[in-house]
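Hello,

The structure we discussed is below, followed by notes on what turned up in it. Please look it over before we next talk.

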Amino acid sequence: MTIKAEDRLGLLHLVSGVIDRKLIPIKSLSYAPTDIHDITLITIEVVGNESDLTQLALKIENIIEVFTVEVKQFDSAVCLRAAYFKMDKTFLESPQALAMSNYDTVIVNIYPDAILLAKYGTDATIRKLYNALDGPHLLGFSQTGLITDSVLIGEDQSSVINRLAA
């Protein structure tokens with residue numbers, strides 16, 4: 001679910017409150033500014049049937065600050081996640097280190113006693129990498145919500161700007 005809205009304090013609380021009242025589980029949530037002044041983009045990964053999500057979108061559209069709500073079905077071909085693995089530095093000397101090249105991971109930071117690996121991929125590839133790295137060298141793991149390369153502010157951009165100006 002992608003929500004474009006006027007950036008105001010309490011907006012995220014209002015949106016998540018509507019979702020909570022509908023008893024729809026949230027898998028991930030992202031709140032970020034856009035390149036248009038005072039417009040924010042909220043991306044929420046929820047799990048529900050089409051009927052419940054349609055009703056949810058209509059409820060969220062009733063929030064005064066919300067301009068648009070788009071609901072799209074998850075498509076594993078275009079939706080990725082970023083995953084981060086904090087590994088003990090001795091990991092580099094272990095046979096598990098081959099997983100770095102097998103799964104196209106990159107070292108993004110080096111600490112005195114650990115390294116931070118990053119991987120962008122589907123749920124399945126991240127899960128396989130996690131399984132390959134799981135063990136005494138794995139110190140921490142975290143992943144983002146879904147990332148997609150779809151257009152976030154589309155052809156309706158001028159109507160949103162006009163509405164803000166009014």
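A salt bridge here is a side-chain nitrogen of Lys or Arg within 4 Å of a carboxyl oxygen of Asp or Glu. This is a predicted model, in which local features need pLDDT of at least 70, side-chain atom pairs count only at pLDDT 80 or more, and totals for chains, interfaces and linings use all residues. Residues are numbered from 1 along each chain as its sequence is written, and side-chain values use heavy atoms, with hydrogens and water left out.

By the salt-bridge rule the count is 5. One of them joins the side chains of Glu-45 and Arg-81 at 2.9 Å, N to O. This pair links distant parts of the chain, with Glu-45 in strand E3 (residues 39-46) and Arg-81 in strand E5, 36 residues apart; strands are DSSP runs of E of at least two residues, helices are runs of H or I of at least four, and both are numbered from the N terminus.

Arg-81 is buried, with a relative accessible area of 5% (buried is under 20%, exposed over 50%, partly exposed in between, with a 1.4 Å probe and protein chains only). Glu-45 also counts as buried, at 13%.

Arg-81 also forms a salt bridge with Asp-123, at 2.3 Å, N to O. Asp-123 lies in helix H4 (residues 123-133) and Arg-81 in strand E5, so the pair ties together parts that are 42 residues apart in sequence. Asp-123 is partly exposed, at 33%. Through shared partners, salt bridges join Lys-27, Glu-45, Arg-81 and Asp-123 into one network.

Regards
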